Amino acid sequence: MAPASPAHKPRKRKRHVRSYSLMLPSKPFPLASFLHPLRTSAKQRLVIPTLLIVAFIFRWAVTYGPYSGEHTPPMYGDFEAQRHWMEITIHLPMAQWYWYDLTWWGLDYPPLTAYHSWLCGKIGSLISPDWFALDASCGHESYNNRVFMRATVAVSDYLIYIPAIVIFSKWYSRTTGTDRYDRSIALAILLAMPCLIIIDYGHFQYNSVMLGLAVLAFANFLADRLLWGSLMFVMSLCFKQMALYYAPAVFAYLLGLCVSFGRRAGGEGSGNGGGGSGLVITIPGPIRIDLQTLVLLGVTVLSTFAVMVAPFAVLHGEEHGALEQLAQMVHRVFPFARGLWEDKVANFWCATNIVVKYREMLARETLQKVSLALTLLAILPPCALLFLRPKKALLPWGVAGCAWGFFLFSFQVHEKSVLLPMVAMTLVVAGGVDRDLLSWIGWANNVAMFSMWPLLRREGLGLQYTVLTGLWSWLLSLHELPSSIFAKALHVGFYIGALALHVAEITVKGGIVERLPDVWVVGNVVLCFVAFAWLYVWVLYRMADEAGLVEDVYAVMGKAKEEGERERLKKVE
Amino acid sequence: MEAEHPTFTECLVLATALKLLLIPAYRSTDFEVHRNWLAITHSLPTSKWYIEDTSEWTLDYPPFFAVFEWFLSQFARLFDPGMLVVKNLNYASPQTIYFQRLSVIVSELVLILSLRRFVAIQATPQSKKVAHIIALSLLLSPAFLIIDHIHFQYNGMMFGILIFSLTDALTDNLLRSGVLFAVLLCFKHIYLYIAPAYFAYLLRRYCLGRTLLDIQLANCIKLGGAIVSIFGIAFGYFAAIGQIPQLLTRLFPFSRGLCHAYWAPNAWALYAFADRVLIIVAPRLGLPIDSASLGSATRGLVGDTSFAVLPNIPPRATFVLTLAVQLVCLAKVFLQPSPMRFVGAVTLCGFASFMFGWHVHEKAILLPLVPFSLLALQDRRYLGAFRPLAVAGHISLFPLVFKAAEFPIKSAYTILWVMVFFMTFDTVVPVAKSQRIFFLDRFEIVYMTVGVPLILYTELFHFAIFGSKLEFLPLMFTSSYCALGILGSFLGFFTLYLTS
């Protein structure tokens, strides 16, 4: 642990680490039971291969389901978008990538996605050029192409996301002092996360690349490799702009490491992942700034960005200038002209829209401003906490809180964006699992799955949804609820609501459905919004707890009580 | 009893989740075969069951299986009546797929219960632990996953009945064991291959007393009566309407060739491989080549196989060979009957028929594989003989599921199974009581190291190098490789069986 700073005592790990290995064979949850034979040190080396193969088998089994837009001309879906990007990137000069026929799934992801598409397209063309023939292959659907595309997802996942969570769980459990058996359980939980599996392997997307790069960044931060971490994080941003949900928290964390306040200036230690110790500026007053690290971080971030976008500026072609190319990229990547939300998504705007019709009341610009303000307000607490106390153990919590803030209040949110807070939140299991944490994280993933149900149902992924959710709930024994009465009520209430909506959707025909065709989707949105909002609050609470704030409050109250008691005793004497 | 982790139920839930996800995966023509049988048994009177031939996939399983299909069809009606129309060839609505896949998953309950019983009959905690691992290895076997849940068949249920019968034999519940086996024969006649072992053992242990002349008349009558009445129930009706000859032509189609399209990895595959090699070598040795049959073993579907250099094999030769091998092990079990030796005899009968039988399917590898699993953890020597079979047997099933999308699943699952269970077997298997057999364990290591590059070649590189040319080449390599492993396993186990 860090050398104790005078301001606050080292955190006691009395509640968060409890090893299930000691409890066996009394009553573990099934996931722990599966890993039980591998807990001895002789078999530890089998843990990772076994988990990765099992995870692969289930991931691949999901690919037998339909993908987004399968057999649905004229526009098809996300699968066609990704395939089309492979098609245009391998055939067209870079100058046209962000301009070519924008009505048919024009490229609207940042450059790293384009490079990734180029690579996949090149490899695919070696196998069969028809899959990616320019223009002729629009809406191409064939058995082998489907297998190839699914395989690119799996390979990308296993090259980036899965190594990332393995490395992350190693570093995070090292930070928090989690034992090996619990670490393998945590890895298994991360591998079993149903929402990421079903979106990448069922619906078809490459979220695991973006998330994997982000998780790699976090792992590097934990390992005190701040520059590598920021490089990874920028790459994550350059793969998919959604990684912006994490950005403020990451920024706050890094800034917090560079800026320290007088009273704990000397106490920088490994617990804080301190950067270099070269140039330090001491501003009159209690603030010290580690200028060297700050500048290096800035240079890393900017140069990574520059390297990513430079090819577009250099190879700008004859029609457009370099700046115009970059402007077009930004314009494509951030479509501000779109509405407050797409489809139905369980965030603040869509859920409260039932009562207050924002879009009728306010102009789009005003709405954008309001949503920006609310988002900033929501991400302020986690970011401020990370800035003031940039402890390693707090990192995933802060990132999760920040991502929740974005998901709940920002502009233009997709239902799939819930993956960001969900992955960040699930990462915390690497810091030791207890029943409460397990129930909350398990429940959160179930809520996320349920919130994506309208999308999954449309795409015909009902079987995969049911099996993965069921398996997840069973693996973590989610029938065991958290200890607090309120949480119990919340979890049970949600499950009852979700089941009722599922049953109603199947059984009720006519009547209310004819008048309000979206009634079940709206019900879904409202239910999930309540759950998500509460998860945001829960993350903040757990983060504060982890930071020692809750303990401090109790300590202050406890001390007051103690003093009162002492005085009373004195009087008695 | 102290619970083992993971428990049987936990593995069952995990495996079932995977099987559910595999519902939309590739399915072979056997899916249509069974759909057609659902339709036949549901919509036609019993007297037409074995006559109907609208589809080329006529009913060719014994009557109990037909009744089982009729039973299933009662539920199929609720899913989609369309699948029950005989004329709806290749009908595969989503409801049909769900229903048929689920019927396999549910009927596997028989296997699950039989495995639980196999664990329950063990006397000591140590043997319970070993049996638990064997039960898990069978429950999670890639063989059942590939054949039943991807390719589509009902082997789980069939082998469930067999294991029930074997556990009864292990607990000396011989009458019930015999009855169950008779029932099994009326479900699927492939088990006739192992019937000799049952015959010899039941005759010796149940019908005869301490000496060969000490005939237990009461037992004879009980067993004989029971078996006759079971066959009576199954075939009586068809005998009454004079359809037995028709039934027999359906059940035993002798017009097929020595080897299946893809050679099952048995002695004949090695023979055919040698023949192919000789075609190249023969001109230099001055051997005559039968040019008419050059392409037959590489092209033909379910046609006749003829050899170019080596002499052709008549069906009679395969029977003589099979019976000769079986007789040796029957003599042993007859002279020194013991429950474990009986299971060994069943295994060897399965082995013999697989190795030397006429027109053997690769799926028949289950016949030796399943009973051998029950014996594999006797001691290290048995495990040594078992491992090549476990590897080769599973790999030999790969060509059944040949589509690209299933390659990752079948190989990852098999690798996982081999890795986890070989590791676990090693930790629980007792040390051998007597000397190891020199050859076997060396063979095993070399054999398994060769396997990995071979699979990579046959499944990936061949396609990359040759495209769709020379399609028979990877199949030939796979079957020859597997045949070698199974042969090694067979010889190893045969020696152990005869010397123990």
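In the predicted model, Leu377(B) is a buried residue, because 22 other C-beta atoms lie within 10 Å, and a count of 20 or more is the cut-off for burial. The residue belongs to the loop of chain B that runs between α17 (366-375) and α18 (380-395). Setting aside residues up to four places away in sequence, the contacts of Leu377(B) are with Val130(B), Ile134(B), Leu383(B), Phe425(B), Val428(B) and Val429(B).

The contact between the two chains draws 26 residues from chain B and 27 residues from chain A. On the side of chain B that touches chain A, the elements giving two or more residues are α1 (8-21) and α19 (407-428) of chain B, and of these α19(B) gives the most, with nine residues. In composition, this side of chain B comprises 22 nonpolar, two polar and two charged residues.

Within chain A, helix α10 (residues 247-258) and helix α16 (residues 395-409) have axes that come within 8 Å of each other and cross at roughly 140°. The arrangement of α10(A) relative to α16(A) is therefore oblique, since an angle must be over 145 degrees to count as roughly antiparallel. The crossing in which α10(A) passes α16(A) is right-handed. From α10(A), the residues that meet the other helix are Pro248(A), Ala249(A), Val250(A) and Tyr253(A), and their counterparts in α16(A) are Leu395(A), Gly398(A), Val399(A) and Cys402(A). The residues of this contact divide into seven nonpolar and one polar, with no charged residue.

As to the confidence of the prediction, chain A has an average pLDDT of 86, and 87% of its residues score at least 70. Residues 1-18 of chain A, by contrast, have a pLDDT below 50, although this stretch makes 27 contacts in the model beyond near neighbours in sequence. Residues 21-27 of chain A likewise have a pLDDT below 50, and for this stretch the model shows eight contacts beyond near neighbours in sequence. Where pLDDT is low, predicted coordinates should not be read in detail.

Conventions:
Residues numbered from 1 in each chain as written. Chains lettered and ligands numbered in written order. Predicted model: local features only at pLDDT ≥ 70, side-chain atom pairs only at ≥ 80, totals over all residues. Axes fitted to C-alpha atoms, helices over the stretch in contact; angles between N-to-C directions. Helix = DSSP H or I, 4+ residues; strand = E, 2+ residues; numbered from the N terminus. Parallel < 35°, antiparallel > 145°, perpendicular 65-115°, else oblique. Left-handed = near helix turned anticlockwise from the far one by under 90°. Contact = placed C-beta atoms within 7 Å. Nonpolar A, V, L, I, M, F, W, Y, C, P; charged D, E, K, R; others polar. Buried ≥ 20, exposed ≤ 12 C-beta atoms within 10 Å, placed from the backbone. pLDDT = per-residue confidence, 0-100.
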